[in-house]
Amino acid sequence: MYYNVYRNSLSVSRINLLSRSISTPLTKIQTIKRCLSYKPEGLYNFLAQEPGEKNNEYSLRLKFDAPKTINIRQTGLFGFKGDSTGLFMDPRFKSTTSFEKSVDQAIYQGNNLVNLILNANTTQEKLLVIKMFDQLSDVLCQIMDAAEVIRQTHPDPTWKNSAEIVYSKMLDYMNQLNTHVGIYKKISSVMNDKYILSMLDGVERHVGELFVYDFEKSGIHLGKNEHSTFMTLNSDINDLGRSFMSLQTQSSWDILDVGYIETTLDELLNLDNLAIKTILQQSKMVKRNGKDILKLKLSEFTAQSILRDCKNESLRKQVYIALNKGSGQSTKTLEAILTKRYQLASLVGFDSFSSLALRDKMAKTPENVEAFLQSLSLQEKTSWENITQVLLKEMDNLQNDGGTRLENQTGKLELWNRDYLISEIQNKNAIVSPLKSFFSLGRVIMGISRLLNNLYGIHLEIAEPSLGEVWDPLVEKIEAKDEHGNILGVIYCDLFERYGKSPVGAAHFTVRCSRRIDNDLDSNSSQPTPSTCIRGEKQYQLPIVVLLCNFNKHDNQPAFLSFHEVETLFHEMGHAVHSMLGRTDFHNVSGTRCPIDFVELPSTLMESFASSLDVLNLFARNYNTGELLSENKLRAHLEARKRVNPIDTNVQLFMSALDLRLHGIIGEKNEPGWSTNVLSKLHSHENYGSPTNTIFPYVEGTHWHTRFTHLLGYGSSYYSYLFDRVLSGIIYKKLFLKNIGQTNGGIGHSTLLQPVSNSVGSSVRKANSAPANTFFGDGFRMAGESYRKEILSWGGGRDPWISLAKLLDNSEYGLNYKQVELLSTGSKEAMDLVGSWGLKSN
């Protein structure tokens, strides 16, 4: 399924959009002429520049939508000679050799800063300690964050191997610093000196508090023996984590080690062609008593296909159990991780790992998370009951269907039937026409740029990478700029499925955070690169981020996105914008470096805009006809999805509650399999399961939680996505919804709904027509600026509860004074209030 760039991407097309190529370079004029000379079938020319479309918007759209010859010189992968600028514009990353040497440079710079910190004795020197430690953190993260991106995305195994070496060495050095008693004592002395604190601003004090807490989470304040135990536990947890992940399926296409299931090919005829083809390739057909018997081998892909499309309930049940039974080793390893996490938390004075992990989050305590989850569950209860009744009715209908074999006659909904029943409901209501033809990748990115311009006065521009700056020919470079043309940051878009790319799904990686650098204490620790900017009298690093997706790439036409993929791109761009606009003086609170239960707010808010017809018609045009997306088509799609949304919400609530309980007060001595008992019990919970065990009860013999790998990364914080969805929903509803389409001479809702004529006599120019003004109006822009000022610009430099309270402290938003004051406290009652808002506004 991976796109093989070396096999497919070197074919020559009629259009070359790159200003440099292997052969004779093309001028901009030549490029435009070639684009306009390309004539797709039909009257509508999707490559032509539209009236009202700015040149930078057109270039952005064209870069992603027009056929092109890949410029492999830019990657430096094939030995082209020239002065490489280095990956991410960093001269330390010109080659694997220089990349590995960057570790020694970073450690040398780090040691210099450590010495400066330890020898800070005067008041003036102590005032700089937090700045120096933040600078030290940035020195290390610049190498480690780059290594993480390289090992996840680089197609060259040599680079991947170097990234593993670099990351491992840097991690060892960072662990040494995290247990450096001298640094901890120095920062603690600064934070306990009232006179020095009075001279620090609020953000710097906040950064100092975070440093002290991070040290204490690492057990540095413990006695010698206790600290040794802490380090052993931490090392064990890391080793067990790697073992647990190694037990997971590395690809949804890999054959699972669960044996085989005997069936016949007739039982699989309802599956799509790709699933059947994959099953035949992975399984074995044998003859028995003159009949063809299929010894079915499963992968995650084929198992999910069977659960969704197979009509035989007995086979679905066997597949569900096989997929989720896990292995004894995976259960044992997960329980060892959870137990050692509990022991580690107890060692530093907490009653559970949840209490330790949540102390510096918005939620603060496990009790507060539970208050939010139960409050949200109550709000969603009616929707959940309605959809389960729909599923029960569908099951009754299918029991009378001769083509569908259901064993269940008891009115109970089983987990192995869930996906199949949902699929049946969706198929019966399949009046929704596909929307992909409206969403070419270039149009979506151009539309995001227009939306950002409406919100914050910023836009996206395509930029040509230098030699060696990108790691694959399909990676594109985008610059975010403000209204004055100043660069705010760089976004590398690695958006297509291809060989050598880790199957991490859609993701946002920070390669470098924004940080003030003109007042650095050790001038050698800041690399002289083009990625800096001047703002007033201060100089900052430009943030550099990577957006990762796995869209399908076609050589002869644009990549078309499903509606879900459009939302995904909006979501990841929300993270990127947070990195661009969250400029602070300190690396550790810049952009997305904020509490995990706050970091998804900007991204989920961006998702909300993707469901607005007015926003979509900033860019959505039919590839063949040029028509705008109609209200009826969008509404039909959203309504179809809305029918099954409660199921997803229930699953998210269940997973969040499970995460919290597995990291709760579990004790140190438990019988093997105790985690499965927690899972089974939760299925009967009144808020997250079914007390009567009639709605998706626990299936005996399954250990689904051993596939729940987010338990490692989130560790009590899986609720964060639901929490931020609620917050983004209320912000979207209160600030933005009423202002979308309400313009001062702008496009307006009625203008957007006027479709382009598709008659044969329509001219190309008319088919290409677009509103000249894409401005939503002053109200929308003022709302965007308010959100930017109170939420985005702070990064993690202010208590998020204070930021939310300040943003929503407006009588027009419908919150009373007591609710705003309650929000500012971040208490259990505040979490309960957020849960009571529910997801209806989403």
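How many Å² does the accessible surface of the protein come to, and what percentage belongs to carbon and sulfur atoms? The total is about 35300 Å², with 49% belonging to carbon and sulfur atoms. These areas come from the Shrake-Rupley method with a 1.4 Å probe; for residues, only the protein chains shown count as cover.

**View 1. The whole protein, a predicted model.** Local features need pLDDT of at least 70, side-chain atom pairs count only at pLDDT 80 or more, and totals for chains, interfaces and linings use all residues of this predicted model. Residues are numbered from 1 along each chain as its sequence is written, and side-chain values use heavy atoms, without hydrogens and water. The protein has 32 helices and ten strands. Both are DSSP runs numbered from the N terminus: helices are H or I with at least four residues, strands E with at least two. Of its 842 residues, 56% count as buried (under 20% relative accessible area, 1.4 Å probe, protein chains only). Take contacts (heavy atoms within 4.5 Å) between residues at least 6 apart in sequence: 76% join residues at least 24 apart.

**View 2. An open sheet of three strands.** The order is β1-β3-β2, and the pairing is antiparallel. Strands pair if DSSP finds at least two bridges between them. β1 (261-263) and β2 (284-288) are the edge strands, each pairing on one side only. From one strand to the next, the twist averages 30°. Axes are lines fitted to C-alpha atoms, for helices over the stretch in contact; angles run from 0 to 180 degrees between N-to-C directions.

**View 3. β1 beside β3.** Three bridges join β1 to β3 (residues 291-296), and the two run antiparallel. I261 has L296 in β3 as its bridge partner.

**View 4. Helix α14 on the sheet.** Helix α14 (residues 313-324) packs here, touching β1 and β3. Its direction makes about 165° with that of β1.

Conventions:
Buried < 20%, exposed > 50% of the residue type's maximum accessible area, 1.4 Å probe, protein only.
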